Amino acid sequence: MPQLNYPHIAEMVFNTPLLAKGELVENVAQYVAARIAGTEKSAHNSEQELSAKRMGVIPLGDPEKDGSMAVIAVHGILVPRRGTMTAECSEIMSFELLRNQISKAMNDSQIKEIVLDIQSGGGTAQAAFECAAYIYEAQKQKPIRAVINFNAYSAAYLIASACTEIIISETGGVGSIGVYQKRLDISAYYKDMGVIMHTFYRGAKKVFMHPDLEMSDEEKEHIESGIEKTYQQFINAVAKYRNMSVDEVQATEADCFNGQEAIDLKLADTLSSDPHAAVNTIAKRLIQSSPKKMETIGVQAAAMDYHHIN
């Protein structure tokens, strides 16, 4: 079994703008940094393939007449493309896979609506804006509703904001509309170990973000400029998708909000008792059948931990 490529994972954690909740970044960064430095060993030797759940389809009564509703899980850390991660880290969902699943549901005439079941602290900025823009255009053709189950922060909130509707429970959380970036500097560690790293380069910016070199003032300015650009892109996207002013979005100061407070701030639309009830409500709006059929749907929706099927 090949060893996990921690430096490759580090590329997604350090030196790149992240649309992720601070606690999530810190947890992953500390986990990866300790292993890069060799100060902590993994308790697990095996790898797991990317564990994103597949799209689930809930039949709406009579499949021939009522069609179906697609439920897509948006769980865990959001990354650009598929990959691998050990069991110590949380679930992973890629923007690429999410787009593919939405596209499949959009092209299926039997599927009447799409539900994004969101439980994520966010992830990378790379590919997040493109995915959100895709959802924003797609929901004009077929409703795509975000059910917050139970958190949608940063990049996950960007995805939710592009949906037709955001449904949240009283304890559900949204927000963290901000940008986060870490710059790993292990130059002091090398010095303590008696290691001298010689780096030859042409072009001043070629060695920006190199962890074995101390950060210069020029590099800091370069990072700040990039962070500001990504932040402006983020708040402008949310303002557009949620029909808010940029000032209203910026005033959230990347804070997180629950339930009715999120609705009052225009960050969500509908309050539901819980995510399962939200899916039942959506199904009831769609189906044209008897109470007996509705009881069947209720059982299916309540089984949503979710039981995604191929």
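Predicted model: local features only at pLDDT ≥ 70, side-chain atom pairs only at ≥ 80, totals over all residues.
## A walk through the chain

You'll find Ser120 in strand β7, which covers residues 111-124. Who are its neighbours? Leaving out residues up to four places away in sequence, Ser120 touches Val74, Gly76, Leu78, Asn151, Ala152, Tyr153 and Ala156. One of these, Gly76, has its backbone oxygen 2.6 Å from a polar atom of the Ser120 side chain.

Now zoom out. The chain has 310 residues, and 47% of them count as buried. It contains twelve helices and twelve strands. If you take the contacts with a separation of 6 or more, 73% of them come from residues 24 or more positions apart.

Next, look for charged partners. How many salt bridges does the structure hold? There are six. In one of them, the side chains of Glu96 and Arg81 meet, at 3.4 Å from N to O. This pair links distant parts of the chain: Glu96 belongs to helix α4 (residues 95-106), while Arg81 is in the loop between β4 (68-79) and β5 (84-85), 15 residues apart. Glu96 is partly exposed, at 28% relative accessible area, and Arg81 is exposed, at 60%.

Move along to Asp269 and Arg242, whose side chains meet in a salt bridge at 2.9 Å, N to O. Asp269 sits in the loop between α10 (259-264) and β12 (270-271) and Arg242 in helix α8, so the pair ties together parts that are 27 residues apart in sequence. Is each partner buried or exposed? Asp269 is partly exposed, with a relative accessible area of 35%, whereas Arg242 is buried, with 11%.

The loop between α10 and β12 has another residue to check out, Lys266. Lys266 forms a salt bridge with Glu248, and their closest N and O atoms are 3.0 Å apart. Glu248 is in helix α9 (residues 246-250), 18 residues away from Lys266 in the chain. Both count as partly exposed: Lys266 has 38% relative accessibility, and Glu248 has 33%. Elsewhere, Glu113, Arg145 and Glu165 are linked in a network of salt bridges.

Time for a helix. Helix α11 takes in residues 275-286, twelve in total, and reaches 17 Å from its first C-alpha to its last, close to the 16 Å expected at 1.5 Å a residue. What caps its N-terminal end? That's Asp274, with a side-chain oxygen 2.9 Å from the backbone nitrogen of His276. Within α11, the buried residues are Pro275, Ala278, Val279, Asn280, Ile282, Ala283 and Leu286. Here's a handy idea for reading that list: an α-helix has 3.6 residues a turn, so residues three or four places apart point the same way.

Let's finish at the surface. Tyr189, Met193 and Val195 make a nonpolar surface patch of about 280 Å². Met193 is found in the loop between α7 (187-192) and α8 (217-242). With a relative accessible area of 54%, Met193 is exposed, because that word applies to anything over 50%.

Technical notes. Residues numbered from 1 in each chain as written. Heavy atoms only, no water. Patch = residues over 30% accessible without salt bridge, like charges linked within 9 Å, V, L, I, M, F, W, Y side chains within 5 Å. Areas by Shrake-Rupley, 256 points an atom, 1.4 Å probe, with all protein chains shown as cover. Salt bridge = Lys/Arg side-chain N within 4 Å of Asp/Glu carboxyl O. Helix = DSSP H or I, 4+ residues; strand = E, 2+ residues; numbered from the N terminus. Buried < 20%, exposed > 50% of the residue type's maximum accessible area, 1.4 Å probe, protein only. Polar contact = N/O pair within 3.5 Å; in protein donor to acceptor, adjacent residues only side chain to side chain. Contact = heavy atoms within 4.5 Å. Expected span 1.5 Å × (residues − 1).
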